[in-house]
Amino acid sequence: MNTKMNMEVQRLNVVMCMILVLASVLHVSLAQTTHTVGNGLGWLVPPGGEVAYRTWAASQTFTVGDVLVFNFTTGTHDVAEVSREAYNSCNSTSPISMSTNGPTNITLTSAGEHHFICTFTRHCDLGQRLAINVTAASSPAPAPAPEPATPPPAAAPETAPSPTVPASPPPSATPAPAPSRAAMTYIVGDSLGWTVPPGGPIAYQTWARGRSFVVGDTLVFNFTSGVHDVVEVTRAEYNSCNATTNTTVITTGPARITLTSAGEHYYICTIPQHCSFGQQLAINVTSGGSTAIPPPSSGGPTSQSPGTPPPPLSDSAASFAVAALPFTFLAVALALLCN
């Protein structure tokens with residue numbers, strides 16, 4: 001009888017250990033986020049320097065345990081993690097880690113600054129580099145303090161009002177309105193300028209994401225006259241890359257456009273095929289405060305909706321497979337318990 005009881009206790013201990021392992025692995029897998037570097041742009045030499053990867057990184061939040069996916073063709077590019085000094089000088093002689101096979105998945109295992117470059121000749125100098133800041137995994141919020149077993153007795157009411165207390169409460173103060181910020185000037189695409197970007201409209205999507213556009217701000221489109229132009233269009237014209245309503249095309253660069261109304265604003269280049277190849281910008285303008293990039297309706301010349309980054313390629317399936325593995329252990333544990 002004692003032997004049978006000991007076996008049951010041992011079996012129960014095994015089950016409890018496996019449940020603890022399951023909970024731990026699930027916590028890690030659910031907290032993990034996969035970031036596809038550059039989204040649809042991938043890992044390549046971007047136009048106009050590193051602005052594409054700098055603006056992409058500014059729109060992300062990186063935490064220990066997250067995964068970076070560098071999408072590139074093997075033999076054409078590579079990815080190396082380097083120190084800050086090596087990043088600034090594009091020196092790949094002593095990398096922290098190195099991968100030559102694409103796509104490459106890199107798990108962020110420590111908090112702080114992380115720097116990545118391509119070691120192919122001139123690729124880093126031309127902007128194929130990424131600098132990010134990784135924060136430690138957030139800890140769960142502490143449990144609230146327990147209520148006392150016996151509530152404290154209510155204070156005895158005063159028989160007479162205190163002489164220091166006014167007879168009637170003062171009127172509540174009216175909060176002062178939040179001050180509106182000064183008008184700002186934005187250089188569209190920063191050093192990229194207004195041009196045909198590689199990989200579709202991702203460069204201008206990432207540039208606009210996270211910026212706050214307010215009535216009174218000014219957009220500056222830097223382009224060479226005769227090579228590009230800019231015109232504001234409707235959402236439908238933006239999606240179809242066909243400017244038919246507004247014939248006021250600005251052909252002289254740089255072009256300065258002041259935002260005079262709140263709502264969605266869309267801009268394209270009318271030079272043939274330029275809009276179709278990604279020379280288009282969609283923003284949302286508010287009368288004050290912060291704003292987010294509007295996702296224009298689906299359709300149009302590109303394979304992705306403007307303002308909406310494409311999902312990671314196949315990393316979600318891999319993450320799901322990793323997260324599902326502990327359930328196999330749970331099934332085995334339950335089988336042991338039931339026998």
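**Overall picture**

I began with contacts in the protein (heavy atoms within 4.5 Å): among those between residues at least 6 apart in sequence, 74% join residues at least 24 apart. A reminder to myself: this is a predicted model, in which local features need pLDDT of at least 70 and side-chain atom pairs count only at pLDDT 80 or more, while totals for chains, interfaces and linings use all residues. Residues are numbered from 1 along each chain as its sequence is written, and side-chain values use heavy atoms, with hydrogens and water left out.

Next I looked up the secondary structure, taking helices (H or I, at least four residues) and strands (E, at least two) as DSSP runs numbered from the N terminus. The protein has six helices and 15 strands.

Then I turned to burial, where buried means under 20% relative accessible area, exposed over 50%, and partly exposed in between (1.4 Å probe, protein chains only). Of the 339 residues, 35% count as buried. I also noted the accessible surface (Shrake-Rupley method, 1.4 Å probe; for residues, only the protein chains shown count as cover). That surface comes to about 19200 Å², and 61% of it belongs to carbon and sulfur atoms.

I checked which way the side chains of β3 (residues 67-70) point. Val67 and Val69 point one way, Leu68 and Phe70 the other way, and all are buried.

Which strands pair with β3? I counted two strands as paired if DSSP finds at least two bridges between them. Strand β1 (residues 34-36) pairs with β3 in the parallel sense, over three bridges. Strand β6 (residues 104-107) runs antiparallel to β3, and four bridges join them.

**His114**

I found His114 in strand β7 (residues 112-117). Is His114 buried or exposed? His114 counts as buried because its relative accessibility is 6%.

I then looked for a polar contact (a pair of N or O atoms within 3.5 Å; within protein, one must be able to donate a hydrogen and the other to accept it, and residues adjacent in sequence count only if both atoms are side-chain atoms). The side chain of His114 reaches the backbone oxygen of Ser110 at 2.8 Å. Leaving out residues up to four places away in sequence, His114 touches Glu81, Leu130, Ala131, Ile132 and Val134.

**Salt bridges**

Side chains of opposite charge can pair when their charged atoms come close. My search was for a side-chain nitrogen of Lys or Arg within 4 Å of a carboxyl oxygen of Asp or Glu. The whole structure gave six salt bridges, and I wrote up some of them.

- Asp217 and Arg181 form a salt bridge, with their closest N and O atoms 2.7 Å apart. Asp217 lies in the loop between β10 (213-214) and β11 (218-221) and Arg181 in the loop between β8 (129-135) and β9 (185-187), so the pair ties together parts 36 residues apart in sequence. Asp217 is buried at 1% relative accessibility, whereas Arg181 is partly exposed at 36%.
- Arg211 and Asp190 form another, with the closest N and O atoms 3.2 Å apart. Arg211 lies in the loop between α4 (202-208) and β10 and Asp190 in the loop between β9 and α4, so this pair ties together parts 21 residues apart in sequence. Arg211 is partly exposed at 22%, and Asp190 is partly exposed at 26%.
- Arg122 and Asp125 meet through their side chains at 3.5 Å, N to O. Asp125 is partly exposed, with a relative accessible area of 46%.
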